[in-house]
Amino acid sequence: MHGHDPDIDIDTDTGGGSRTVGVLDPERAAQAEDLEDGPWQTVVWNDPVNLMSYVVHVFRTYFGFSRARAHELMQQVHEQGRAVVSRGSRERVESDVQAMHSYGLRATLERTEEG
């Protein structure tokens, strides 16, 4: 089987040595950086079905979050029952909610308090 598991870190040569980076699509990683504003937000809800490791995997794979950030958001879902995982325009957040559903996660669209 070809390809890498998105949860596996690899070493890359940066010219001045090597560093460990996640195996994520650079475009998605950049997208994760600009999800912090907008009048709508994606909320992922706790459920009794999905494993915590799977939720981390989904957050890393789809949003491009670092392992630490994905784990932090998964902990919020697990302990507080929900976590906001993205913000933006209605169209963008609707797309994120549909994506979460396609991964089998419970997610809803909400208007932010500021919006």
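# Close-up views of a predicted model

In this predicted model, M100 touches T42, V44, V58, F59, Y62, F63, L105 and A107, residues up to four places away in sequence being left out of the list.

Figure 1. Of the 115 residues in the chain, 32% are buried. Among the contacts with a separation of 6 or more, 70% are accounted for by residues 24 or more positions apart.

**Figure 2. The largest nonpolar core and the elements that supply it.** This core has 21 residues, and those with the most contacts inside it are V44, F59, F63, M100 and L105. Two or more residues are given to the core by each of β3 (40-45), α2 (52-63), α3 (67-80), β4 (82-88) and α4 (90-102), with the largest share, six residues, coming from α2. As a general background to this view, nonpolar side chains tend to be buried together in soluble globular proteins.

**Figure 3. The open sheet of three strands.** The strands are arranged in the order β4-β3-β5, and their pairing is antiparallel. Because β4 and β5 (106-111) stand at the edges with a single partner strand each, one side of each is left without a neighbour in the sheet. On average, and with direction ignored, neighbouring strands of this sheet are turned by 25 degrees against each other. Five of the six residues of β3 are buried, so this strand is largely enclosed by the rest of the structure.

Figure 4. The antiparallel pairing of β3 with β4 extends over six bridges, and within it T42 has S86 of β4 as its bridge partner. The pairing of β3 with β5 is likewise antiparallel and extends over six bridges, with A107 of β5 as the bridge partner of V44. Helix α3 lies across β3 and β4, and its direction is at about 135 degrees to that of β4.

Figure 5. The structure holds four aromatic pairs, and ring pairs link F59, Y62, F63, F65 and Y103 into a cluster. In general, a pair of aromatic rings is described by the distance of the centres and the angle of the planes. Among the members of the cluster, F59 and F63 are also listed with the most contacts inside the largest nonpolar core. Elsewhere in this view, R90 lies over the face of W40, at 4.6 Å from the ring centre.

Figure 6. R60 has its place in helix α2, and with a relative accessible area of 2%, below the 20% limit for burial, it is buried. The C-alpha atoms of R60 and H71 lie 9.1 Å apart in space, while the two residues are 11 residues apart in sequence. A68 is found in helix α3 and, at 58% relative accessibility, counts as exposed. Between the C-alpha atoms of A68 and V56, which are 12 residues apart along the chain, the separation is 9.2 Å.

Figure 7. V49 lies in the loop between β3 and α2, where its relative accessibility of 65% makes it count as exposed. Its C-alpha atom is separated by 8.8 Å from that of L105, although V49 and L105 are 56 residues apart along the chain. E94 has its place in helix α4 and is partly exposed, with a relative accessible area of 34%. The C-alpha atoms of E94 and E110 are separated by 9.7 Å, and these two residues are 16 residues apart along the chain.

How values were computed:
Residues numbered from 1 in each chain as written. Predicted model: local features only at pLDDT ≥ 70, side-chain atom pairs only at ≥ 80, totals over all residues. Heavy atoms only, no water. Phe/Tyr/Trp six-rings, centres within 6.5 Å; stacked < 30°, edge-to-face > 60°. Lys NZ or Arg CZ within 6 Å of the ring centre and 35° of its normal. Core = buried A, V, L, I, M, F, W, Y, C linked by side-chain atoms within 4.5 Å. Buried < 20%, exposed > 50% of the residue type's maximum accessible area, 1.4 Å probe, protein only. Helix = DSSP H or I, 4+ residues; strand = E, 2+ residues; numbered from the N terminus. Contact = heavy atoms within 4.5 Å. Pairing = 2+ DSSP bridges. Axes fitted to C-alpha atoms, helices over the stretch in contact; angles between N-to-C directions.
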